[in-house]
Structures are given as structure tokens and as C-alpha cells.
Amino acid sequence: QVQLVESGGGLVQAGGSLRLSCAASGISLSFSTMGWYRQAPGLQRELVASITGSGGTNYADSVKGRFTISKSNAKNTGYLQMNSLKPEDTAVYYCWAVRPSQTYWGQGTQVTVSS
């Protein structure tokens, strides 16, 4: 059974930092692409970042230079380091991982950035 368990969300001041984690089981991040999607009411839904099994990364323009996606293959866990947070980063963040013809989702974690 594939399971993605997210943690690390919370409330921070503008300019602060958070690190989200996505712990995977039943799927190997060594051979799968994973990343985060975020959604806020009234705002454009956005693919935030992704990382391939081989370690290649991609970022949304809105977070490039502030966020870093990484992973530990040994821990089978992905990480999203979020620095210089802005109020517009406020959203529910969902991690995901893909196999051919199948996508798995974490439960989501709320990130709130106050001004």
C-alpha cells in the first residue's frame, strides 16, 4: 500500500522559514518523481516543485530562488525547504509521487505566512 505522510506546516512570519517533509512508503523515491502542489482559495493552483528519481529539480517561477526541494533516498523522504516566506505562499501544500499511470497524494499540510 502506497502512503505519503506530510509534516512541517504551520504559522510563520513573513521572511521566516519552514521545512516540509513527505515520507513515502510502498513506493521508492529512487525511481519515482515526487513534488508539491499548493492550493489557496481564489488563487491559481500551482505545481510548486518536483524532483526526479535521479535528482533533477524543477520549480515554479513564484518560488524559484526561495524554495529548495531535496530528498533522502535512504529515508525515502522528500523535503521542501521554504525560505523568505511571503504571505502569498499561504496555502495547503500537498506532496505527490508518481509511478507510470498512477499518482499518489499526501494528506496536505497548511502553511500560513503572516505579514
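Two strands are taken to pair if DSSP finds at least two bridges between them, and strands (E, at least two residues) are DSSP runs numbered from the N terminus. The structure shown is a predicted model, in which local features need pLDDT of at least 70, side-chain atom pairs count only at pLDDT 80 or more, and totals for chains, interfaces and linings use all residues. Residues are numbered from 1 along each chain as its sequence is written, and side-chain values use heavy atoms, with hydrogens and water left out.

**View 1. The hairpin of β5 and β6.** Strand β5 (residues 46-51) runs antiparallel to strand β6 (residues 57-59), and 3 bridges join them. Between these strands lie 5 residues, and Gly55 in this hairpin adopts a positive phi near 105 degrees. Ala49 has Tyr59 of β6 as its bridge partner.

**View 2. The hairpin of β4 and β5.** Strand β4 (residues 33-39) is antiparallel to β5, with 5 bridges between them. Ala49 in β5 stands opposite Trp36. The hairpin has 6 residues between its strands, and Gly42 takes a positive phi near 80 degrees.

**View 3. The disulfide of Cys22 and Cys95.** Cys22 is joined to Cys95 with an S to S distance of 2.2 Å. The pair links distant parts of the chain, 73 residues apart: Cys22 belongs to strand β3 (residues 18-25) and Cys95 to strand β9 (residues 91-99). The torsion about the S-S bond is about 65 degrees, so the disulfide is right-handed.

**View 4. Burial of the two cysteines.** Buried denotes under 20% relative accessible area, exposed over 50%, and partly exposed in between (1.4 Å probe, protein chains only). Cys22 counts as buried because its relative accessibility is 1%; Cys95, at 0%, also counts as buried.

Conventions: Disulfide = S-S within 2.5 Å. Helix = DSSP H or I, 4+ residues; strand = E, 2+ residues; numbered from the N terminus.
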